[in-house]
Amino acid sequence: MDGTDIDREENELRAAELAQALAGADLPGRIAAIAARIPGRIVFTTSFGIEDQAITHAIVASGAPVAIVTLDTGRLFPETYEVWAETEALYARRIRAVYPAHDDLEALIIDQGINGFRMSPETRKACCEIRKVRPLKRALDGARGWVTGLRAGQSPGRAETPFVEVQDLAGRAGLKINPLADWSRARVETYIAEHGVPCNVLHDRGFPSIGCAPCTRAIRPGEDERAGRWWWEKDGRQECGLHVRAPARIGNKADHSAIGRAS
Ligand code: SF4
């Protein structure tokens, strides 16, 4: 058994315990449980959407030592920068921004042009890779836990979202925790209203999910919450590469890596 196997087994045990603890707790309690059970650095990545705003509130309310980080792609809506500033002011807390590497970005724009992501799924994924995926790796450098705002109800592709998964976090086995995995949209909205949490005004204009401005539109009645993301792509897998359920590099079996699956 090498160090990677030991890391994986420790994380799987910890994941099972943590998933149990999350099931019975309110949101600040879930954040406190995460901080209590994960030794080392914990990073929460926010895009300032409604789920992420609830988690930011819970991190502040719980006082848990969780770093709040955002990936600024350079293509966000002006409204997103507004809620970012409003959140920092309300909680008197700076949110760390991680940016794409300038040399990567310059090479991308030379190669595909400023809006080249519309040309094909490949050019779109290349843009997401440089503006999101590589910055995420830097954000998670040295982290043992990664907290996200994923919910099972956001889209069919996220229906199997568990509370906790063992994942490769920037080259080392760690835990990805989705403390809202079992919450409905309505429950998030109730939390936001009860606690006076600032929200992106685009949510009131038909944008349940908010990403980069040129790649997000308002949804139509009956569409799932993520239908407005990369809507011109027809394969139905509206994801940017940040949330990948394939931790093969650290040797996890898929059916062991997802614990506490939301119903
Ligand atoms: Fe690029 Fe669009 Fe992906 Fe943003 S969402 S990184 S603009 S392709």
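**Salt bridges and burial**

Q: To start with Arg-217, is that residue buried or exposed?
A: Arg-217 is buried, at a relative accessible area of 16%, where buried means under 20%, exposed means over 50% and partly exposed lies in between (1.4 Å probe, protein chains only). This is a predicted model in which local features need pLDDT of at least 70 and side-chain atom pairs count only at pLDDT 80 or more, whereas totals for chains, interfaces and linings use all residues. Residues are numbered from 1 along each chain as its sequence is written, and side-chain values use heavy atoms, with hydrogens and water left out.

Q: Which residue does Arg-217 meet in a salt bridge?
A: Its partner is Glu-223, at 3.1 Å from N to O; a salt bridge here is a side-chain nitrogen of Lys or Arg within 4 Å of a carboxyl oxygen of Asp or Glu. Glu-223 counts as partly exposed, with 25% relative accessibility.

Q: Which residues are joined into one network by shared partners?
A: Glu-51, Arg-151, Arg-185, Glu-189 and Glu-225 are linked in this way by salt bridges.

Q: What about Arg-151 and Glu-225, how do their side chains meet?
A: They form a salt bridge with 2.7 Å from N to O. Arg-151 sits in the loop between β4 (143–147) and β5 (162–169), and Glu-225 in the loop between α7 (185–195) and α8 (254–257), so the pair ties together parts 74 residues apart in sequence. Helices (H or I, at least four residues) and strands (E, at least two) are DSSP runs, numbered from the N terminus. Both Arg-151 and Glu-225 are buried.

Q: Switching topic, which residue pairs with Arg-94?
A: Arg-94 forms a salt bridge with Glu-88, and their closest N and O atoms are 2.6 Å apart. Arg-94 is exposed at 68% relative accessible area, while Glu-88 is buried at 12%.

Q: And how many salt bridges are there?
A: By this rule, the count is 13 salt bridges.
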